[in-house]
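Biologist: Please take a close look at the aromatic rings in this model. Walk me through how they pair up and what lies around them.

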Amino acid sequence: MLVPSDMMAAQSKLLYQLNKFYGERVHARKAAVAKTVRDVCKVVQDVLKEVEVQEPRFISSLNECNSRFDGLEVLSPTEFEVILYLNQMGVFNFVDDGSLPGCAVLKLSDGRKRSMSLWVEFITASGYLSARKIRSRFQTLVAQACDKSSYRDVVKMVADTTEVKLRIRERYVVQITPAFRCSGLWPRSAAHWPIPHIPWPNPNLVAEVKAEGFDLLSKDCISLQGKQSSMEGDAWVLHFMEAENSLLSGGCRKKCLSILKTMRDRHLDLPGNPVTSYHLKTLLLYECEKHPRELEWDEACLGDRLNGILLQMISCLQCRRCPHYFLPQLDLFKGKSASSLENAAKQCWRLTRELLTNPRSLEKL
């Protein structure tokens, strides 16, 4: 197909501006976040070490490997989540029957005695391992550890929440979430993935992702709020961080996400937090399905992919629905106010229009 030369010129101008934006703004954000992560993790490691002294079942899994901290997720430049991986899930069966959207339960296997479990006192009368009971115990231990920590002057527990959250140096918030790692398993509620007849992801990558498995987190599940479910407090939230990261390898996918996160921090960090970095990651995964060929993720296509994701974001905000990538029955906008989504749609449209009509807009964005 012949492409008009002025269109080619506009595309190369946009690519030049995007690379400049990446080299300046994105790298500056990455460097600042890396410095914060190191500082924050030092404090969290100290608190978790203290927790472990009091209760050896909660062993800190926040270890640094190749300049990355295992289980750490950057939610924004001032908000972080640390996944604390627990041991010995073995005596429980993973039950995922679709009755709890986005969640599953862990039930004591038939014939297994409670006493065989490391977590015996957190098992309910019906034989379920209660996510809420474990978190409640962990919260008490973390509160005590903060008082004993050598960083006690700069770390405080965030009150009025059932989550375990620390405020560090009055600027940063870190949520510590107890979890089980489920390697080699794949949840029934995500059994439809990958969608047939789409060449992405390739079968090797699918096999790798499914072998990687997923995590079960002890945290409040927004999808269950308002439902009169007796299981709500016992349920564990499905979490696919490793699987998502594996899918985003190759081409300019990760570069695309870094640019989107930087734009979000600068222009879409709005009241009510309607647009998170996780929403952007989700829409990037859907964009990979829409453009399944690797050549569509070549550096030269970066501008088109960014515009596609931003336009999809506007559509989701206007429809007030953003389906989870692996669990599409789960709406990631649940709990967000209509006015905050409407405001975000307008702001996102302003940003997208600027990018589409003026390649030099990135100089001031």
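Predicted model: local features only at pLDDT ≥ 70, side-chain atom pairs only at ≥ 80, totals over all residues.

Modeller: Arg181 lies over the face of Tyr85, 4.0 Å from the ring centre.

Now the ring pairs. The whole structure holds 14 aromatic pairs. One of them joins Trp186 and Phe326, with ring centres 5.4 Å apart. Their planes meet at 80°, over the 60 degrees required, so the pair is edge-to-face. This pair links distant parts of the chain, 140 residues apart. Trp186 is in the loop between strand E9 (172-182) and helix H3 (203-212). Phe326 is in the loop between helix H7 (302-319) and helix H8 (338-357).

Phe326 also pairs with Tyr325. Here the centres are 5.0 Å apart and the planes stand at 70°, so this pair is edge-to-face.

What about burial? Phe326 has 0% relative accessibility and counts as buried. Tyr325 is buried at 3%. Trp186 has 17%, which is under the 20% cut-off, so Trp186 counts as buried.

Finally, the annotation. In an unreviewed entry, UniProt lists residues 252-349 as "domain: Mab-21-like HhH/H2TH-like". Over that stretch the chain is 60% helix and 0% strand. Its end C-alpha atoms are 23 Å apart.

Conventions: Residues numbered from 1 in each chain as written. Heavy atoms only, no water. UniProt positions renumbered as here; feature names shortened; annotations may be inferred. Helix = DSSP H or I, 4+ residues; strand = E, 2+ residues; numbered from the N terminus. Phe/Tyr/Trp six-rings, centres within 6.5 Å; stacked < 30°, edge-to-face > 60°. Buried < 20%, exposed > 50% of the residue type's maximum accessible area, 1.4 Å probe, protein only. Lys NZ or Arg CZ within 6 Å of the ring centre and 35° of its normal.
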